[in-house]
Amino acid sequence: MNSPYYTTVAMDLGVCQLRNFSISFLSSLLSTDSSPVRLDNSSSGASVVAIDNKIEQAMDLVKSHLMYAVREEVEVLKEQIKELIERNSQLEQENSLLKTLASPEQMAQFQAQTQTGSPPTSTQPPAQAPALPPTQPQPSHNSGPSA
């Protein structure tokens, strides 16, 4: 999970957190009455509004970046879910096929193993070649008339 995408998202999140902290810190400085910086009353209202606007713009930027990152992550997760559903379907089909091809003895052995929780054994008897019908000796044709 250390792909460049995840690193970028982590860095973006870190930048967003830093911006949020900076905005909070600036807001707290501007809202305190004991601030050493004093503005005259005529310009203080305009500068506070300007700073509020900048803070709001920064927060909107952070919000849009986070929403973009979340949408990208949702798309990646949707694609992973789609792939997992396809893989699950494929495995279910293989399982169904194997069940139909397995002999009753193999199925009973498998069920016994799943009930006991033991891993399946990998040693299976080798496939036997089909038995050939017994050969019967052909009657020999000796010289002489048959009656």
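Where is the place of Glu-86? I looked it up: Glu-86 sits in helix α2, residues 41-101. Helices here are DSSP runs of H or I with at least four residues, and strands are E runs of at least two, numbered from the N terminus.

I noted the basis. This is a predicted model, with pLDDT of at least 70 needed for local features and 80 or more for side-chain atom pairs, while totals for chains, interfaces and linings use all residues. Residues are numbered from 1 along each chain as its sequence is written, and side-chain values use heavy atoms, leaving out hydrogens and water.

Next, the fold. I found three helices and zero strands in the protein chain. The order from the N terminus is α-α-α.

Then I checked the annotation. An unreviewed UniProt entry places a "coiled-coil region" at residues 67-101; such annotations may be inferred rather than shown by experiment. I see 100% helix and 0% strand over residues 67-101. The end C-alpha atoms of that stretch are 51 Å apart.

Last, burial. Of the 147 residues in the protein chain, 5% count as buried (under 20% relative accessible area, 1.4 Å probe, protein chains only).

Definitions and conventions:
Buried < 20%, exposed > 50% of the residue type's maximum accessible area, 1.4 Å probe, protein only.
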